[in-house]
Amino acid sequence: GIHRLRAMEKDRALLYPIVAVNDNKTKHLFDNYYGTGQSTWDGILRATNVLVAGKTVVVAGYGDCGRGIALRAARDRLVQALGLYPSVAGLEAQVLLGHVLNQPRAYLMAHPEAALSDASQAQFEALLTRRECGEPIAYLTGQREFYGLSFLVTPDVLIPRPETELLVELALEHIPQDTPIRILDLGTGSGAIALSIAKQRPQAQ
């Protein structure tokens, strides 16, 4: 495959230039800390500050897909499918991959070179496809943070929205901290408002 790529490059049959392949011409680019082309690509991006989103990039290789490459590819797909800003799409991609791996976003950012297993790649791809069709992140992961708490959510309830936290703030202003009081939350849905108030006012019922 490498020889064919080089022959096509020589014949100017490639639509895109070759960044690096594992041959004697660019082998030194692979002899790095991680020993993979994935980290080579990371290094090129960081060293040249290239913005990939919105541009056509072809990554051809062998072996497992690194998390860094998987996240960038997912971000670009969400930008194109949903019209999101790259920063928002990147955040959503991190949330989905973190959900698949059961790891925080900070871990993903610190280990972009780590390979994804076949099972993780398949699960990530399935979630990404559903997100491209417009399904909310909270329904894909089954949870949403609200007022410092993590809530389980399903399509059976409305997703707690950040602006609804203002209702909790306003309610807390009128509820004494150390006084027993009864509170009624009509149409509670996920219970985000009631539970958030109960967390802040443990004497309330």
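Me: What makes the meeting of the Ser-196 side chain and the backbone oxygen of Ala-192 a polar contact?

Reply: The backbone oxygen of Ala-192 lies 2.6 Å from a polar atom of the Ser-196 side chain. A polar contact is a pair of N or O atoms within 3.5 Å; within protein, one must be able to donate a hydrogen and the other to accept it, and residues adjacent in sequence count only if both atoms are side-chain atoms. The 2.6 Å falls within that limit, so the pair qualifies. Do keep in mind that this is a predicted model, where local features need pLDDT of at least 70 and side-chain atom pairs count only at pLDDT 80 or more, while totals for chains, interfaces and linings use all residues. Residues are numbered from 1 along each chain as its sequence is written, and side-chain values use heavy atoms, with hydrogens and water left out.

Me: Is Ser-196 buried or exposed, and how do you know?

Reply: Its relative accessible area is 1%. Buried means under 20%, exposed over 50%, and partly exposed in between (1.4 Å probe, protein chains only), so Ser-196 is buried. Ser-196 sits in helix H9, residues 192-200. Leaving aside neighbours within four places in sequence, Ser-196 is in contact (heavy atoms within 4.5 Å) with Phe-146, Tyr-147, Leu-149, Phe-151 and Val-168.

Me: Phe-146 and Phe-151 come up there. What kind of aromatic pair do they form, and how do you know?

Reply: Rings of Phe, Tyr and Trp (its six-membered ring) pair if their centres lie within 6.5 Å; planes under 30 degrees apart count as stacked, over 60 as edge-to-face and the rest as tilted. Here the centres are 6.2 Å apart and the planes make 70°, so the pair is edge-to-face. A search of the whole structure finds one aromatic pair. Phe-146 is buried because its relative accessibility is 1%, and Phe-151 is buried at 6%.

Me: How do you know that strands E1 and E2 pair, and in which sense?

Reply: Helices (H or I, at least four residues) and strands (E, at least two) are DSSP runs, numbered from the N terminus. Two strands pair if DSSP finds at least two bridges between them. E1 (residues 143-146) and E2 (residues 149-152) have four bridges, so they pair, in the antiparallel sense. Gln-143 stands opposite Leu-152, and Arg-144 faces Phe-151. The two strands form a hairpin with two residues between them, and Tyr-147 in the turn has a positive phi of about 55°.

Me: What makes a group of residues a nonpolar core, and which residues of the largest one touch the most other members?

Reply: A nonpolar core is a set of buried Ala, Val, Leu, Ile, Met, Phe, Trp, Tyr and Cys residues joined through side-chain atoms within 4.5 Å. The largest has 18 residues, and Leu-96, Leu-97, Leu-101 and Phe-124 touch the most other members. Helices H3 (67-82), H4 (86-101), H6 (118-132) and H7 (137-141) each give two or more residues to this core. H4 supplies the largest share, six residues. A second, separate core of eight residues includes Phe-146, Tyr-147, Leu-172 and Ala-192.

Me: H4 also holds Glu-92. Why is Glu-92 called buried?

Reply: Its relative accessibility is 13%, which is under the cut-off, so Glu-92 counts as buried. The side chain of Glu-92 makes a polar contact with that of Arg-131 at 2.8 Å. Not counting residues up to four places away in sequence, Glu-92 touches Leu-78, Leu-84, Arg-131 and Ile-137.

Me: How does the reach of H3 compare with the expected span?

Reply: The expected span is 1.5 Å times one less than the number of residues. H3 has 16 residues and reaches 22 Å from its first C-alpha to its last, close to the 22 Å expected. Among the buried residues of H3 are Arg-67, Gly-68 and Leu-71. Gly-83, which follows H3, has a positive phi near 70°.
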